[in-house]
Amino acid sequence: MPEPQNNNRKPGKGTSGLVLFLLIAVVFAVFYSIVSGQIKASTHIEVSYDKFTQMVKNKEVKSVEFRTNGEITITPKKNNNAVYPITYYTGNLHDPELIKLLDENNVVYKADVPPSSNGILTTLLSSIPLLLLIGLTFLLFRNMSKGGGMMGVGKSNAKMYVQKETGVTFKDVAGQEEAKDSMYELVDFLHNPGKYTQIGAKLPKGALLVGPPGTGKTLLAKAVAGEAKVPFFSLSGSDFVEMFVGVGASRVRDLFKQAQQMAPCIIFIDEIDAIGKSRDNSYGSGSNDEREQTLNQLLSEMDGFDSSKGLVILGATNRPEVLDKALLRPGRFDRRIIVEKPDLKGRIDVLKVHAKDVHMDETVDFDEIALATSGAVGSDLANMINEAAIMAVKDNRKTVTQKDLFEAVEVVFAGKEKKDRILGEKEKKIVAYHEIGHALVAALQKNAEPVQKITIVPRTMGSLGYVMQVPEEEKYLMSKEELISDIKTFCGGRAAEQIVFNSITTGASNDIEKATNIARSMVTQYGMSEEFGMVALESIQNRYLDGRAVLNCGEQTAAKIDEVVKKLLKDCYDEAEQMIREHRDALDKLAEFLIEKETITGKEFLEIFEEVEPGVITPKKEEEKQASETDAEAKTEDAADEATDEVKEDNTEVSTTEINE
């Protein structure tokens, strides 16, 4: 796209700038002469000759300089606490006794040297600071005259891209098909406005991208600009905020002025909640005039431009609940596009997109990796691919294997192996029993996810060991039984410590936190308690960030909630403890094997358990297989019975017909 020409340049602008510079120079010169004259008048004091000789006799004179203009400059020994050094001067009477008087009183005297050819150079060098100050002031005034304000702080900091510079299209965005469909309509409108305006449709003025961090909101906005092949102004909400009042509003005006000159184009404001926060103090931190002025100017500009010119505003935030209602109404941000965490298919597509430039081994199965990364966003998956590639390079391999990818999953979620942390024999044994306790309770419950890996190798994110459970299919809903199974699994580690060592450690702190959160959510949000039933006792704030819950009940109800949660956790812990006591032999055998190997797979775990207690644990796949075989047999029997009944009915009809005939 050709660069737009600036037709706003006025003739004679260079001449006016030179005149302005000369005026500023004259003003500074006059100001400098006045100030220097005042300083000189206050520090150079004339005295009579007889007083001068008396000062010499009183030992008050430090030095004397005989000047060519007929003056005697006198420097006193004491300054009398003056800010500037005081110098006295008097007329030179060419007194022959003066030199003798100065020698007797040890006064230093000299005569100044007449100015030579170096005088002009010295004068120029001494004038450099003044010239620099004048030049700096000229630059400041020139920037202000361009409408940029002091130091250009009122100018927009938006980065402008065109399609070639972004280099991002919808092919580079995976796992967000619904969001891409909504954004594609904006692109199609920019390409073919006629087929929309023909029926009377108008281009949406703005679209707000909402979702958790790392899901690709910024990438999606760049893809829109790349597909539309129009200028793309990108900036953050914090770019409008400055220490000077009114700068934010000035930058908004400047941004929309540039955009309207280059329409059709797209304006993308990332983290728009920095300036679009509600003016209601419930979401803000009190009144903020600068931010409110910026928001008011943004609201005014979004109402003022003509959408038929092809100017689209995209905003991105992960805190939509704090945005001002006036900003969200139709006519400003007409659409809210949810950019959620990708599902199983979406994660597979994201992995393929980020792996297209990475050499992958033929054994790599993205389906397994996607199952193991439930809840991961696009940035997490991109990081996993990169970590796996780095591991392959460290091992001097040319391709990335499935093992590298699984190790990268652990690195992203749990951190790298902490090789410098060596556990003692006692601590190693405690951690082993703790992790086997988790795995054992999980394996004994049909509603728990299957165990993929157990390790007691410390990780950099603080864990001394962990159990990895990988779901066999993507889930969008959790039943009450599944949530209780998760709580029991979290309780398994602490229960194993209590049974084996008759003591407990701090290693279960994270398990307790997770179990408590699940139990509390069951009571206050999911309506899964008999005591409260379907009553919303908590509301969620910052859903796309920390998901902080806020109680919506009184103190007595809150105390009752604590009692119900405590009882639920105690019941789950007791059941987990009972499971471990019943299978103590398997617990000891598995812990011993884990201490020896430090890391075991879920397959090895099941094999050892089967050796100790055969037939106790049936893998879910075998259960499903048996269930499907049973269903098939039942269907076969039903079909056979139906066929027999049909034959009987046919025979009856035939025989009846024969009798009638």
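Are F605 and F609 buried or exposed? I looked both up: F605 is buried, and so is F609. Buried means under 20% relative accessible area, and exposed means over 50%, with partly exposed in between (1.4 Å probe, protein chains only).

The model is predicted, so I note its limits: local features need pLDDT of at least 70, side-chain atom pairs count only at pLDDT 80 or more, and totals for chains, interfaces and linings use all residues. Residues are numbered from 1 along each chain as its sequence is written, and side-chain values use heavy atoms, without hydrogens and water.

Next, aromatic pairs. I searched the whole structure and found five. Rings of Phe, Tyr and Trp (its six-membered ring) pair if their centres lie within 6.5 Å; planes under 30 degrees apart count as stacked, over 60 as edge-to-face and the rest as tilted. F232 and F268 have ring centres 6.1 Å apart and planes at 15°, so this pair is stacked. It links distant parts of the chain, with F232 in strand β8 and F268 in strand β9, 36 residues apart. Strands are DSSP runs of E, at least two residues; helices are runs of H or I, at least four; both are numbered from the N terminus. F232 is buried, at 0% relative accessible area. F268 is buried too, at 1%.

The rings of F605 and F609 have centres 6.5 Å apart and planes at 35°, so that pair is tilted. Both residues lie in helix α22, four residues apart, about one turn of the helix.

Last, the core. The largest nonpolar core has 47 residues, and F605 is among those with the most contacts inside it. Such a core is a set of buried Ala, Val, Leu, Ile, Met, Phe, Trp, Tyr and Cys residues joined through side-chain atoms within 4.5 Å.
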